[in-house]
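Keep the 3D view open as you read.

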Amino acid sequence: MFTIIGWVVVAGVILGGFLMAGGHLAVLVQPVEVLIIFGAAIGALVAGNTVKDLKAFGGGLGAAFKGSKYDKDMYMQTLGLLFNLFARARKDGLMSIEGDIEEPHTSEIFNKAPKVAADHHATDFIADYMRLMISSSLDVHQIDNLMDIEIETHHHEAEVPGNMMAKLADGLPAFGIVAAVLGVVHTMESVGIPPAELGKLIAAALVGTFLGILASYGFAAPLANVMGKQAEASTQYFNCLKTTLIAFMNGYPPQVAVEFGRKTLPSHVRPSFRELEEFVKNNK
């Protein structure tokens, strides 16, 4: 939502200033320039990335307009879910949660946290490491290191859409210059026409540079920043999972383990101790 509001402000201020200076919007309508700039930019994007990356880019683009899913409610549900798993494992033994781990989508505990259950990356992360704790001989330090490696891999994958958008933003001014140069070439081959017509061709050529720079710094670059922040939010979420799971593996009681996780959260999504305590009590 804020991305779109920002775009409206950018366009409104620039076009409004142009009109106030006596300009005419009709001169900015240059379909050929738009075709050259954005067609070439999309072609370069396709040429420089794999099908997997392009699919990730499409997904990241859609997610950027929806806003981050890692809000306060998501963290409350996550910590409540982990508390319930830990509490059952502590009371009835680790084997008592084996069914929940093997089939999280049919688990009563997981279904109490619908936002977490809908995120297969989160459910897989929780289930995989709880499974390792139950069935493997790895000590907590080995699991801690393994989590770091997985989170780093996940972070690199999450960064792909934002990095692609940033490169697209970097390329748009150059493609704007390409469109402008082609416009100048066309102008130079038309020097015999009346000055008024020649002026229109020069104006059309300059619009290419304008559109490339505006699209880059006013639209694509801010969107790349939003996508990058979403990748950071995703990594922060998995660091919270890691901290909570490691605390339980180190022998801390469920309530203390989820408090470890709560303390890793940024202030704008961190529930208070009492809020989390009440939530956990109501969702046992």
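**Salt bridges and a pocket**

Asp119 forms a salt bridge with Lys69, their closest N and O atoms being 2.9 Å apart; a salt bridge here is a side-chain nitrogen of Lys or Arg within 4 Å of a carboxyl oxygen of Asp or Glu. Asp119 sits in the loop between helix H7 (114-117) and helix H8 (120-135), and Lys69 in the loop between H3 and helix H4 (72-92), so the pair ties together parts that are 50 residues apart in sequence. This is a predicted model, in which local features need pLDDT of at least 70 and side-chain atom pairs count only at pLDDT 80 or more, while totals for chains, interfaces and linings use all residues. Residues are numbered from 1 along each chain as its sequence is written, and side-chain values use heavy atoms, with hydrogens and water left out.

**Charged pairs**

- Asp119 is buried, with a relative accessible area of 5%, whereas Lys69 is partly exposed at 45% (buried means under 20% relative accessible area, exposed over 50%, partly exposed in between, with a 1.4 Å probe and protein chains only).
- The structure holds eleven salt bridges.
- Another joins the side chains of Asp144 and Lys242 (3.0 Å, N to O), linking helix H9 to helix H10 across 98 residues.
- In that pair, Asp144 is partly exposed at 24% and Lys242 is buried at 15%.
- Arg131 and Asp128 also meet in a salt bridge (2.9 Å, N to O); they are three residues apart in helix H8, so about one helical turn separates them.
- Asp71, Asp73 and Lys115 are linked in a network of salt bridges.

**The largest pocket**

- The largest pocket has a volume of about 680 Å³.
- Its lining has 22 residues, and Gly60, Ala63, Lys69, Ala158 and Ser234 lie nearest its centre.
- Helices H3 (51-66), H9 (140-188) and H10 (195-249) are the elements that give two or more residues to this lining, and H3 gives the most, with eight.
- A pocket is an open set of points on a 1 Å grid over the protein atoms alone, where a 1.4 Å probe fits, with protein on both sides within 12 Å along at least five of seven lines; lining residues have an atom within 4 Å of a point.

**Arg262**

- Arg262 lies in helix H11 (residues 254-263) (helices are DSSP runs of H or I, at least four residues, numbered from the N terminus).
- Arg262 counts as buried, at 6% relative accessibility.
- A polar atom of the Arg262 side chain lies 2.8 Å from the backbone oxygen of Pro271.

Terms used: Polar contact = N/O pair within 3.5 Å; in protein donor to acceptor, adjacent residues only side chain to side chain. Points joined across faces, edges and corners; volume = space filled by probe spheres on them.
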